[in-house]
Amino acid sequence: MANLNWKPFIYGGMASIVAEFGTFPIDLTKTRLQVQGQSQYMEVRYRGMFHALFRIGKEEGIKALYSGISPALLRQASYGTIKIGTYNTLKRLFVTHPEDETMVINVFCGVVSGVLSSSLANPTDVVKIRMQAQGSLLQGSMMSNFINIYQTEGTRGLWRGVIPTAQRAAIVVGVELPVYDITKKHLIKSGTMGDTILAHFISSFTCGLAGALASNPVDVVRTRMMNQRVLSGNPMYKGTLDGLMQTWKNEGFFALYKGFWPNWLRLGPWNIIFFITFEQLKKLPL
C-alpha cells in the first residue's frame, strides 16, 4: 500500500463534483419521469425532459431544479472518489503500463469498483432521489432527511435499493470506463489525434451513450425501489428482476426506457465534463 497512488482518488472526486453540479437539473427530470406511473405517482405530469424542466421551474421555482443537490454532491465526493481511485488502482495491479490494458481487465476492474463505491455511497443516493422525486413535499435539510429516513425506516431504509444500485453501477462503470479507455487508446494509437481535449471529448461522448443504453432498465427499477416507502406491509417490488418484470407487464417494455433521453443527455455531458476535468487535473505538476 506504500506505493498506492492517491491522485486518482482525489482527482476522481473533484471531477465528479464538478460534473454533478453542471448536469443536476437533467438528473432531476430523469427521476421525475421515471417515478411517473408508479402507484403513488399515477398522474402523468411530464411529457418529456424539456416539459419537465419548464413545469418544475414554473410551478416549484428554479431552486426546485436543484432539489437534492446536497446529498448528490456528497454522493459524488464519496462514490466518485472511491470509483475512480479503485478502478485505476486495480488496473495497475494487473498491468504496469496503460498500453498493456485489455477490455477484459478494464471491464472487471470497472465492475468491482462500481459495486464497491455505489454500495458504500447508497444512503446519499436514497436521500437524493427522495428529495428529487418529492421536491417541495420533502421539507428540511439533507441531514434532517437522513435522520427522518433512519427513524421511520431504520438502517434498511438508508440502504434501500442497494442491490439494484450496485447492479446498475456494475453495468455503468463496467461499460463506461473501459469504453472510454479503449476508445481513447485507439484514437491515439491510430494517429487520428493525440492525447488532446478532442480525443477526451469523443471518448467520453461514446462511453456516455454506451452506459445509458446498458443501464436504463435497471436505473428505472432502482429509482422506483429507492423512492418507495415501506412502513408496513410488503414493498411493491421484491427485487430487481421482479421490478423489471412488473414494470414491463404493467406499463410495457418501453417503460424500462423511461427517462432515457434525460439519462443519456445527462450521462453524455456528465462524462464529457468529468473526463475533461479529470484529464486536466492529471496534468497538474503535483
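Y46 lies in the loop between α1 and α2 (49-60), where helices (H or I, at least four residues) and strands (E, at least two) are DSSP runs numbered from the N terminus. At 5% relative accessibility, Y46 counts as buried; buried means under 20% relative accessible area, exposed over 50%, and partly exposed in between (1.4 Å probe, protein chains only).

The model is predicted, and local features need pLDDT of at least 70, side-chain atom pairs count only at pLDDT 80 or more, and totals for chains, interfaces and linings use all residues. Residues are numbered from 1 along each chain as its sequence is written, and side-chain values use heavy atoms, with hydrogens and water left out. The protein chain averages a pLDDT of 85, and 90% of the residues score at least 70; pLDDT is the predictor's confidence in each residue, from 0 to 100. Where pLDDT is low, the predicted coordinates should not be read in detail.

Helix α1 (residues 7-35) bends by about 60 degrees at T23, and a proline, P25, follows within four residues. The bend at a residue is the angle between axes fitted to the seven residues ending there and the seven starting there. Helix α1 is mostly covered, with 22 of its 29 residues buried. F24 is one of the residues of α1 and, at 0% relative accessibility, counts as buried. In sequence F24 and R266 are 242 residues apart, but their C-alpha atoms are 8.0 Å apart in space. I17 is also found in helix α1, and with a relative accessible area of 33% I17 is partly exposed. From I17 to T247 the separation is 230 residues in sequence and 32 Å in space, C-alpha to C-alpha.

The axes of helix α8 (residues 162-189) and helix α9 (residues 197-227) come within 8 Å and cross at roughly 170 degrees. Helices α8 and α9 are therefore roughly antiparallel to each other. The residues of this contact of α8 with α9 divide into 15 nonpolar, 10 polar and 5 charged. Axes are lines fitted to C-alpha atoms, for helices over the stretch in contact, and angles run from 0 to 180 degrees between N-to-C directions. Angles under 35 degrees count as roughly parallel, over 145 as roughly antiparallel, 65 to 115 as roughly perpendicular and the rest as oblique. Ala, Val, Leu, Ile, Met, Phe, Trp, Tyr, Cys and Pro count as nonpolar, Asp, Glu, Lys and Arg as charged, and the others, Gly among them, as polar.

Helix α8 contains K184, which is buried with a relative accessible area of 13%. The side chains of K184 and E279 are joined by a polar contact of 3.0 Å. A polar contact is a pair of N or O atoms within 3.5 Å; within protein, one must be able to donate a hydrogen and the other to accept it, and residues adjacent in sequence count only if both atoms are side-chain atoms. V179 has its place in helix α8 and counts as buried at 17% relative accessibility. V179 and V107 are 72 residues apart in sequence, and their C-alpha atoms are 8.8 Å apart.

In helix α5 lies T124, buried with a relative accessible area of 8%. The T124 side chain reaches the backbone oxygen of A121 at 2.6 Å.
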